[in-house]
Amino acid sequence: MAYSYSFMKPHRLPLVAKELDAASVLPLHADEAIAALNEALPGLRWTSDTEAAAELNPGWAEFRLHDDPAQGTWLSMRCSLRADYSAAVQDLCDRFQWVAFDEEPRLFQPHRAPEIL
């Protein structure tokens, strides 16, 4: 079984969880997201132009770039349910000024504790 997170670029920060919608985020540029992941995760292995995998401190993670004509480009992270990946997600948000949300749903944003949506 797996757990997933979605990463996007915020239109502005800080972002209040109840404000998370299509107008509060911008699309990620694929080249920017790829460069960021390569920088943050030196062991990342790209299996295609849009998919990659890495071993993180808690365990495995798979990343995928999604291109939706209505929503633009966004990044997903799929990982094992056997560990807590919230620190890794928070690190990516802090480093690259991204926001992320998960299945609970919680909103992660740079330099703030995750907030329930």
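The following dialogue examines a predicted model.

Trainee: Which residues of helix 2 are buried, and why do they lie on the same side of the helix?

Mentor: Helix 2 spans residues 86-96, and its buried residues are Ser-86, Val-89, Gln-90, Leu-92, Cys-93 and Phe-96. They cover an arc of only 160° around the axis, which puts them on the same side of helix 2. An α-helix has 3.6 residues a turn, so residues three or four places apart point the same way. The residues asked for are therefore Ser-86, Val-89, Gln-90, Leu-92, Cys-93 and Phe-96, held to one side by an arc of only 160°.

Trainee: Which elements do these buried residues of helix 2 pack against?

Mentor: One of the partners is a helix, namely helix 1 (30-40). The others are strands: strand 1 (2-10), strand 5 (60-68), strand 6 (72-80), strand 7 (99-102) and strand 8 (106-108).

Trainee: Which residue just after helix 2 takes a positive phi?

Mentor: The positive phi is about 60°. The residue that takes this angle, just after helix 2, is Gln-97.

Trainee: Which members of the largest nonpolar core touch the most other members?

Mentor: In soluble globular proteins, nonpolar side chains tend to be buried together. The largest nonpolar core here has 27 residues, and the elements giving two or more residues to this core are strand 1, helix 1, strand 4 (51-55), strand 5, strand 6 and helix 2. Apart from it lies another core of seven residues, including Ala-17, Val-25, Val-99 and Leu-107. In the largest core, the members with the most contacts to other members are Tyr-5, Phe-7, Phe-63, Met-77 and Trp-98.

Trainee: Is Thr-73 buried or exposed, and which side chain joins Thr-73 in a polar contact of 3.3 Å?

Mentor: Thr-73 is placed in strand 6, and Thr-73 counts as buried at 13% relative accessibility, because the cut-off is under 20%. Beyond its neighbours within four places in sequence, Thr-73 is in contact with Pro-27, Leu-28, Ala-30, Leu-65, His-66 and Asp-67. Thr-73 is thus buried, and the side chain that joins Thr-73 in the polar contact of 3.3 Å is that of Asp-67.

Trainee: Which residue meets Glu-32 in a salt bridge?

Mentor: Side chains of opposite charge can pair when their charged atoms come close. Glu-32 lies in helix 1 and its partner in strand 1, 23 residues apart, and the pair links distant parts of the chain. Glu-32 is partly exposed at 32% relative accessible area, and the N to O distance is 3.4 Å. The partner is Lys-9.

Trainee: Which residues are linked with Arg-106 in a network of salt bridges, and how many salt bridges does the structure hold?

Mentor: Arg-106 forms a salt bridge with Asp-102, with the closest N and O atoms 2.7 Å apart. Arg-106 is buried, at a relative accessible area of 16%, and Asp-102 is buried at 5%. The residues linked with Arg-106 in the network are Asp-102 and Glu-104. The number of salt bridges in the structure is seven.

Conventions
Residues are numbered from 1 along each chain as its sequence is written. This is a predicted model: local features need pLDDT of at least 70, side-chain atom pairs count only at pLDDT 80 or more; totals for chains, interfaces and linings use all residues. Side-chain values use heavy atoms; hydrogens and water are left out. Buried means under 20% relative accessible area, exposed over 50%, partly exposed in between (1.4 Å probe, protein chains only). Helices (H or I, at least four residues) and strands (E, at least two) are DSSP runs, numbered from the N terminus. The arc is that of the directions from the helix axis to the C-beta atoms. Contact means heavy atoms within 4.5 Å. A nonpolar core is a set of buried Ala, Val, Leu, Ile, Met, Phe, Trp, Tyr and Cys residues joined through side-chain atoms within 4.5 Å. A polar contact is a pair of N or O atoms within 3.5 Å; within protein, one must be able to donate a hydrogen and the other to accept it, and residues adjacent in sequence count only if both atoms are side-chain atoms. A salt bridge is a side-chain nitrogen of Lys or Arg within 4 Å of a carboxyl oxygen of Asp or Glu.
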